Amino acid sequence: MEKKKKKFKLVDAILATICITLVAESVMPTAAIGNSQYFWWIFLIIAFVLPYGLICSELGTTFPSEGGMYDWVKMAFGKKWAGRVAWNYWINFPLWIASLAVAVTDVIAGVFEVELSLWALLAFQLGYTLLVTLLSTNRIGENKWLVNCGAFFKILFMLGLGVLGIYVYIKTGESANPVQSVADLFPSLDLAGIGFISIIIFNVLGLEVVATFVDDMENPKKEIPKALIIGGALMAIFYILPATGINIAMPVEDAEAAGLTESFAILLTSLGVSDNIIRIIVIAVGLMFIYTMIVNIASWSFGVHSVAKYSADDGGLPAVFKKANKEGVATGSVWVCGIVAIILVIAGVILSVYGSEAANNLFWTFFSLSLVTLLISYVPLFLAYARLRKTNKTKRVFTAVKSDFMANVITYVPFILLVLAIVFTLFVDFTPESIKGNLPLIVGVIVSFIIEEILVSRIKEDKK
């Protein structure tokens, strides 16, 4: 029988890397860091992104598997630790979907300048959730045109935002956040400054998802390392450039509150562009923004749900997560994720009836919880690399580093940075006020940990 033709090429993998790691809604928080963002980007590209990409390249080509990070941790530390990875990796996903569903309605309301009714909010948010759930039932190879268009749209409006901001500076000679001294380019040496680590790290997570595309690629052993390195470098540029434009055009406090569409409107207004043209551009950017929030989920879904299925096969997650379609997509995990996201969306809309402020606080607690659980799921990855390097002598197709010293560097430097990101997301500055303000998030992490350990206790390790 004729072998099925592979659908994913190097250019597709590079675009998928950009689409997965480049989260457009994270540009504004990045810009809100201010001029010190350049220090953090340079530092974390060297100290986190490069080691992370090298590790994923070596593990992904040496141990190719649709289970990705789950299988690597399982080989290193056993099923229980892999089960912990699976739970944290999976639970963040429905929370993320729910947060993007709300973001979609915010963009619609802002772009079209309308106040959505309660039923309209519910309809749009449920429609978004159902759409991304349906898309997640297909393999990434089947959706590659969606991913490629999403990457193109992200590149288009994020480069446009950066170039527009720089042009405003060239034309006016003014910057909303001027660099008055060299010290402005470096972060403050306090806990608040260190807390920006979590923003940058969150922006670059997802490189290991590319390693789950092995069955859809012509030559994954060569294409995966290239895709991660090239895509990772381009991703950094596409984050830095629009954030630079925003910082030139508007004060940091405005960048923290404004969205991408509002940024375009502010920049174009400063150039004297007519209101009608601004309106057209803002609507176009808004529609592209919504599209990218759809394909973001489609890009991440296969890797996330594959990990969940692998865990269910090992007795970790419930049996419903084992179900898969003829294409090998973990449809059981997909639909459970969709149901959880729908419950969160409905709960958020109901809470909005009783007070928008309380609802928003609760919603962003869910979003923060998704961030923390995602960061936690990556902690064992770096330690698994170190262990497999020592204990598993499988011939490496791609070797990240040759010396043991450098292996320790690319293992423990990003590992420490990741732990710091989790700690400062939970506690910020360790004052009683900040701890009290983050108490719902801290409680949420504790509840997630309890559920995780209950699930993990059911796993039986293989006797070896």
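Buried residues are those with under 20% relative accessible area. The views below come from a predicted model.

**Figure 1. Buried residues of helix H13 in the predicted model.** Helix H13 spans residues 260-270, and its buried positions are Leu260, Thr261, Ser263, Phe264, Leu267 and Leu268. These residues lie on the same side of H13, because the arc they cover around the axis is only 155°. An α-helix has 3.6 residues a turn, so residues three or four places apart point the same way. After H13 comes Gly272, which has a positive phi near 80°.

**Figure 2. Overview of the protein.** The protein contains 19 helices and zero strands. Its chain has 464 residues, of which 55% count as buried. Among contacts with a separation of 6 or more, 83% join residues 24 or more positions apart. The protein exposes about 20300 Å², with carbon and sulfur atoms supplying 68% of that area.

**Figure 3. Helix H17 and the residue that follows.** Helix H17 comprises residues 404-427, 24 residues in total. From its first C-alpha to its last, H17 reaches 34 Å, close to the 34 Å expected at 1.5 Å a residue. Buried residues of H17 include Ala407, Ile410, Thr411, Pro414, Phe415 and Leu417. Further along H17, Leu418, Ala421, Ile422, Phe424, Thr425 and Leu426 are also buried. Val428 follows H17 and has a positive phi, near 55°.

**Figure 4. The aromatic pair of Phe153 and Tyr291.** The protein has 16 aromatic pairs. In one of them, the ring centres of Phe153 and Tyr291 are 5.3 Å apart and the planes stand at 85°, so the pair is edge-to-face. Phe153 belongs to helix H7 (residues 144-172) and Tyr291 to helix H14 (residues 275-313), so the pair ties together parts that are 138 residues apart in sequence. Phe153 is partly exposed, its relative accessible area being 24%.

**Figure 5. An aromatic cluster and a charge over a ring.** Phe48, Tyr52, Tyr89, Tyr378 and Phe382 are linked into a cluster by ring pairs. Elsewhere in this legend's subject, the charged end of Arg84 sits over the ring of Trp81, at 4.6 Å from the ring centre.

Figure 6. The relative accessibility of Glu58 is 2%, and since buried means under 20%, Glu58 counts as buried. With residues up to four places away in sequence not counted, Glu58 touches Tyr385, Arg396, Phe398, Thr399, Ala400 and Val401.

Figure 7. Ser370 has a relative accessible area of 4% and is buried. Not counting residues up to four places away in sequence, Ser370 touches Asn92, Leu95 and Trp96.

**Figure 8. Leu118 and its contacts.** Leu118 lies in helix H6, residues 118-135. A relative accessible area of 37% makes Leu118 partly exposed. Contacts of Leu118, leaving aside its neighbours within four places in sequence, are with Val349, Ser352 and Val353. Leu118 and Ser352 are 234 residues apart in sequence, while their C-alpha atoms are 8.5 Å apart in space.

Methods: Residues are numbered from 1 along each chain as its sequence is written. This is a predicted model: local features need pLDDT of at least 70, side-chain atom pairs count only at pLDDT 80 or more; totals for chains, interfaces and linings use all residues. Side-chain values use heavy atoms; hydrogens and water are left out. Buried means under 20% relative accessible area, exposed over 50%, partly exposed in between (1.4 Å probe, protein chains only). Contact means heavy atoms within 4.5 Å. Rings of Phe, Tyr and Trp (its six-membered ring) pair if their centres lie within 6.5 Å; planes under 30 degrees apart count as stacked, over 60 as edge-to-face and the rest as tilted. Helices (H or I, at least four residues) and strands (E, at least two) are DSSP runs, numbered from the N terminus. A charge sits over a ring if NZ of Lys or CZ of Arg is within 6 Å of the ring centre and within 35 degrees of the ring normal. The arc is that of the directions from the helix axis to the C-beta atoms. Accessible areas come from the Shrake-Rupley method with a 1.4 Å probe; for residues, only the protein chains shown count as cover. The expected span of a helix is 1.5 Å times one less than its number of residues.
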